[in-house]
Amino acid sequence: MRNKTFWIAYLLLLVAQLIISNFFRVTPYIMLSILPVMVLCISTRISTFWTMLIAFATGITVDLLSEGVLGLNALALVPVAFLRNTIIQLIFGKEIFARKEDFTLRSSGFAQVGLALLLAQALFLAVYIWADGAGMRPMMFNLYRFLASLGAGFLVSLIALNVLASESGK
C-alpha cells in the first residue's frame, strides 16, 4: 500500500512542479524545482537504472509541458538519479541499503535529510544552470542564480520532502 501512495504523491508533486514551472517565475535569479527531492525519495529498493529512467521521464514531462528548453530538466535530473545512492550512502550510511529501508524525517532527523536534499538540489542546479547558460551568461549571474535557487528550492522542497519521506508515507 505504501508503494501505491508514494507514486500517487509523486504524480501529484509532478503536477505541482508543472504549476511552479509555468506560473511562478519570480525573477531570472530563481529557478524553483522540487524534482531533485522527488528523485531522492524514490525507494532504495529501486535500482539506479530504473531510477534514472524515472528521472528522465519526469524531467522530459516537465520539459514538454512547461515553458523552457526541451531536455533541460531531464539533463539535470538524470545525474541526481545516478548519484542518488551515493548521496544516501554518504549521508545515511550503508545500513539503509543492508536493511532495505528508506530514510524518513523521523528516523534520520532533519539535519541529515536536509543535507541530502541540499546535495541533490545543488547537483541538479549546477547541471541545469550550466546547460541553460551555455557559456552565454556571466559567471557572477550564474553564481547568484545558483545560490538564490538553492535557497529557495530547498525551502520549497521541504514541503515535497514532508509528503514523500514522512513516516506515514514510508
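User: Buried or exposed: how does F49 count in this structure?
Analyst: This is a predicted model, where local features need pLDDT of at least 70 and side-chain atom pairs count only at pLDDT 80 or more, while totals for chains, interfaces and linings use all residues. Residues are numbered from 1 along each chain as its sequence is written, and side-chain values use heavy atoms, without hydrogens or water. F49 lies in helix 3 (helices are DSSP runs of H or I with at least four residues, strands are E runs of at least two, numbered from the N terminus). Buried means under 20% relative accessible area, partly exposed is in between, and exposed is over 50% (1.4 Å probe, protein chains only), so at 54% F49 counts as exposed.

User: How far apart in space are F49 and F82?
Analyst: Along the sequence, 33 residues separate F49 and F82. In space, C-alpha to C-alpha, the distance from F49 to F82 is 7.8 Å.

User: How does A120 count, buried or exposed?
Analyst: A120 sits in helix 7. Its contacts, leaving aside neighbours within four places in sequence, are P36, L40, V80 and I87 (contact means heavy atoms within 4.5 Å). With a relative accessible area of 0%, A120 is therefore buried.

User: And how far apart in space are A120 and P79?
Analyst: A120 and P79 are 41 residues apart in sequence. From C-alpha to C-alpha, they lie apart in space by 9.2 Å.

User: Now the largest pocket: how much space lies in it?
Analyst: A pocket is an open set of such points, with protein on both sides within 12 Å along at least five of seven lines. Of the 13 residues lining the largest pocket, R25, P28, D132, R137 and R145 are closest to its centre, and helix 7 (110-133) and helix 8 (139-164) each give two or more residues. Volume here is the space filled by probe spheres set on the points, joined across faces, edges and corners. For the largest pocket, that space is about 170 Å³.

User: Stepping back, what is the radius of gyration of the protein?
Analyst: The protein has 8 helices and 0 strands, and its C-alpha atoms fill a box of roughly 45 × 30 × 25 Å along the principal axes. The rule for a globule is 2.2 Å times the number of residues to the power 0.38, with the radius taken over C-alpha atoms. For 170 residues, a compact globule would be near 15 Å, which agrees with the radius of gyration of the protein, 15 Å.

User: What share of its residues count as buried?
Analyst: Among contacts with a separation of 6 or more, 76% come from residues 24 or more positions apart. Of the 170 residues, the share that counts as buried is 46%.

Terms used. On a 1 Å grid over the protein atoms alone, a cavity is a set of points where a 1.4 Å probe fits but cannot get out, and a pocket is an open set with protein on both sides within 12 Å along at least five of seven lines; lining residues have an atom within 4 Å of a point.
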